[in-house]
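Let's take a walk through this structure together. Have a look at the sequence and the model first, and then we'll go through a few spots.

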Amino acid sequence: MRRGAITRESVLKAVAEHDELGRDAFLANYGFGEARSYVLVHEGKEYDSKAVAGVAHKWAQGRALAPDEFSGGKDHAAAWLKRAGFQVKAIKNPDWARDEIILACQLVMENGWKGLDAQDSRVVELSALLQLLPIHAEAERNEKFRNPNGVARKTFDIATRHPEYQGKPTNGGALDVAVLHEFLARPEEMTEAARLIRQGIATGELQSLAPTEDEEFDDYSAPEGRLLMRRHRARERNKGLRKKKITSVLQRGGRLACEACGFDFEAVYGDRGAGYIECHHVLPLHVAGEGRTMLSDLALICANCHRMIHRRAPWPTPAELRASIERKHAADRRAAEAIARPRRAADEQMPDP
Ligand SMILES: [Zn+2]
Ligand SMILES: [Zn+2]
């Protein structure tokens, strides 16, 4: 049996079975719970999408899937139902991403760290802007996605987390607090990041950038958010720019070695590594706006050091990373010497066999 190989007919049969049994009996019969993330919308009615997809397997392939055999989300049930031509709707809107909170936080700061009402024109404007951000796929949104009410609520979530706010915080999560603290610690830089996100959306540049593969798993790699990070990645992966940088280094008689650790791909891998090195764009995200990338903005960096730079904010410059590698080496050497010294002394005291 191939998971997900369900046909339109098999889904319609599962829906018919649902209607005949009633929701509770249908769910209980097959061991499913109520849908939490997605519902199937069919002829004006909503159905638990995971249960319907699981039962559709019975009609398509002879056996219903058990709930623990697949997920209800966009990897499995929701995707299969859509592939079969059905409409699937998210029940709950996705959590706010860092970029969205940055824009809301900037507004709250501008408003003297007070929340704003849904009728406020700035909230209405931000709501429209958030709906344009290329972060959450259409399929994950429902009709209330970032509407003025939700945006207004978020501004209060942020405002009531301010250290000087007297009273109970309304709601909000760890990411709200993290972004608020970034704004309190570096107001100019974060305001500039918010401005650059707005500007990049207005020109359409940020909508055209593909997500980077690691952004889901490490949201903290850029306090300025995913969108400016995407632009950073796009610039340093730009083939033409990298080629120009490499050519200019070679023309000046330089080596293609990592500016942080000295790794030289050709020296280690021979021909396979010849001419290879990554580039890291050294301008901080809140500084690098639109406009041309200068070759001097790019540093030669090996893949390992590049990962380490981006791993945690604030990003070290290549020179700072080099200094930390050297400090680590020196400490390791001292530790090795400390171990070797008593051993040598003990060896000398050993009687001859
Ligand atoms: Zn390196
Ligand atoms: Zn980089």
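This is a predicted model: local features need pLDDT of at least 70, side-chain atom pairs count only at pLDDT 80 or more; totals for chains, interfaces and linings use all residues.

How many aromatic pairs does a search of the whole structure find? The search turns up 7 aromatic pairs. Rings of Phe, Tyr and Trp (its six-membered ring) pair if their centres lie within 6.5 Å; planes under 30 degrees apart count as stacked, over 60 as edge-to-face and the rest as tilted. One of the pairs joins F70 and W80, which are stacked at 5.4 Å centre to centre, with 15° between the planes. This pair links distant parts of the chain, 10 residues apart: F70 sits in the loop between α3 (49-61) and α4 (77-83), and W80 in helix α4. (Helices are DSSP runs of H or I with at least four residues, strands are runs of E with at least two, and both are numbered from the N terminus.)

Both partners are tucked away: F70 is buried, with a relative accessible area of 6%, and W80 is buried too, at 5%. Buried means under 20% relative accessible area, exposed over 50%, and partly exposed in between (1.4 Å probe, protein chains only).

Now go to F265 and Y269, another stacked pair, 6.2 Å centre to centre with 25° between the planes. They are separated by about one helical turn, because they lie 4 residues apart in helix α12 (residues 265-269). F265 counts as buried at 10% relative accessibility, while Y269 counts as partly exposed at 49%. These two also belong to one aromatic cluster, formed by F263, F265, Y269 and Y276.

Some rings have a charge over them, meaning that NZ of Lys or CZ of Arg is within 6 Å of the ring centre and within 35 degrees of the ring normal. F70 comes back here: K50 lies over its face, at 5.1 Å from the ring centre. Likewise, R8 lies over the face of F86, at 4.3 Å from the ring centre.

Last stop, the metal. The zinc ion (ligand 1) is coordinated by the SG atoms of C258, C261, C302 and C305, at 2.2 to 2.4 Å. Donors are N, O and S atoms within 2.8 Å of the metal (3.2 Å for Na, K and Ca); water is not among the atoms, so sites may look incomplete. Along the chain, the zinc donors follow the spacing C-x2-C-x40-C-x2-C. Why is the arrangement called tetrahedral? Because the 4 donor atoms subtend angles of 104 to 115° around the zinc ion (ligand 1), and four donors count as tetrahedral if all angles lie between 85 and 135 degrees.

Residues are numbered from 1 along each chain as its sequence is written, chains are lettered from A and ligands numbered from 1 in the order in which they are written, and side-chain values use heavy atoms, with hydrogens and water left out.

Key. Four donors count as tetrahedral if all angles lie between 85 and 135 degrees; four count as square planar and six as octahedral if opposite donors are over 155 degrees apart and all others between 65 and 115; anything else is irregular.
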